[in-house]
Amino acid sequence: MGKAKFSNFMIILLGSTGGILFGYDNGIIGGALIFLTKDFNLTSLGSSLTVSSILIGAFIGAPIAGYVADLAGRRVVIFAMGVVFLVGSILSYIVVTDVQLIVVRLILGLSVGGSSALVPLYLSEMAPTHMRGMLASWDQLMINTGTLLSTIVGFLLAVSGNWRLMFGLAIIPSIIMVLGVLVMPESPRWLITKDRVAEARAIMLKTRSADETETELAGIVAANSLESNGLKDLAKPYMRKILVLAMVVLAIQQFSGINTILFYLPTILTGMGVSVKAAMAVNIGSASLGIICTLIFSRLIDKTGRRPMLLRSSIMLSAALFTLSMCAFVGGKNPTIATGLVFLVAVYWFRIFYSAGWGPGAWVYVSEIFPLRVRGRASSIAIMANWGANFLVAFMFPLMTAKFGIGVTLLFFVGFNILGFFYVKAKLFETKGLSLEQIEEHFRGLDAGDGEKVAA
């Protein structure tokens, strides 16, 4: 492995550790919820609050992290997120009431939100143009890895029902994240906004050739020299268009229905008469597919482009959710072997095409489209839409299924995937092969009427 490749690998590995914690803390609730419901006598409302409290924290944490990251740097904020993850994991292990658990998960959400805002942004800023999509999508790979770890832990602890240990094991990757940040380089693009060009050049030379470094550096310096009024730039027409585009893309990602699978699959399966251990085993298979398909996506996105993969994903997710809905109508609480097998195939089908499309694709796209001077703050504002939609899905799903049934509820998400297909087809500008500075130039050109298809 060459020096540049090794440096890129280490940046990916350390920079995306927050994704493991993001995935683990999001995913572990699916296995723990079955036992929490019994220990705390949770109602449908209690289950909703327990699951969604982490999302409320993420909604708050994303803009805070983005604002501080533009002022103090990416590394400082990622380090702080690691500390919060560590403290929250310890507290999750020792809570004694459901209210305490809800509060702790709210605190953990601050780091989850910050991680979702900064990790893909950091990886995009560190990556050479020709492999930016692949490197940025590694955040989603690590999220899927964290989800897989949580499902394995849930499976192994299903017999004992030890939900405290399920939460507490997050201490281990939290420590790795805190220590890893200490050797991570700062984003060269952020350094240039602080006129630290020599430091930026030295970091870029670790992952690029000398010619690539100088060419890219000149583009970044030129972009940084453009007139900027900080957050007042968000009022400019082209920035409003970018914000709308990013917010809609991230909201569509959540209304694709992924959290119905991530948070509630074991609960859905046990409600259909499947044993707890079998439900956990299905979850492990789903999470494993997520990792494999995200790896495939990361290898293809810089060749295929963002739009084609998102369009394909929307079609396949609609088909998978429609099939799941029909299984719920036909099988209900007395599924046959045939409906059970179809349900299983549809769950895995959904996970395959989410992880090879909307899962990493939305984060990659949003991490690319904002101007350098306000990238942290602007992207984190857009990410609030993701966490707001995430909260609505997690909170409303058990309430909707209690009132309408799982079949009708899943049809609701089929509709959103269809809307997502048409929005991507009509509005998304393809960013494949363009530097971040070229993408910024394209969007700035919208004010002069030079743009192509972007947000309305």
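This report covers the overall makeup of a predicted model and its salt bridges.

## Basis

Local features need pLDDT of at least 70 and side-chain atom pairs count only at pLDDT 80 or more, while totals for chains, interfaces and linings use all residues. Residues are numbered from 1 along each chain as its sequence is written, and side-chain values use heavy atoms, without hydrogens and water.

## Overall makeup

The chain has 20 helices and zero strands. Helices are DSSP runs (H or I, at least four residues), strands likewise (E, at least two), numbered from the N terminus.

Of the 456 residues, 58% are buried. Buried means under 20% relative accessible area, exposed over 50%, and partly exposed in between (1.4 Å probe, protein chains only).

## Salt bridges

Side chains of opposite charge can pair when their charged atoms come close. A salt bridge here is a side-chain nitrogen of Lys or Arg within 4 Å of a carboxyl oxygen of Asp or Glu. The count is nine.

Glutamate 437 pairs with arginine 189, with the closest N and O atoms 3.1 Å apart. This pair links distant parts of the chain: glutamate 437 sits in helix H20 (residues 436-444) and arginine 189 in helix H9 (residues 188-193), 248 residues apart. Glutamate 437 is buried at 8% relative accessibility, and arginine 189 is buried at 1%. Salt bridges link Arg189, Arg208, Glu216 and Glu437 in a network.

## Two further pairs

Aspartate 70 bridges to arginine 74 at 2.9 Å. Aspartate 70 is buried at 6%, and arginine 74 is buried at 1%.

Arginine 196 meets glutamate 199 at 3.0 Å, N to O. Arginine 196 is partly exposed at 33%, and glutamate 199 is partly exposed at 38%.
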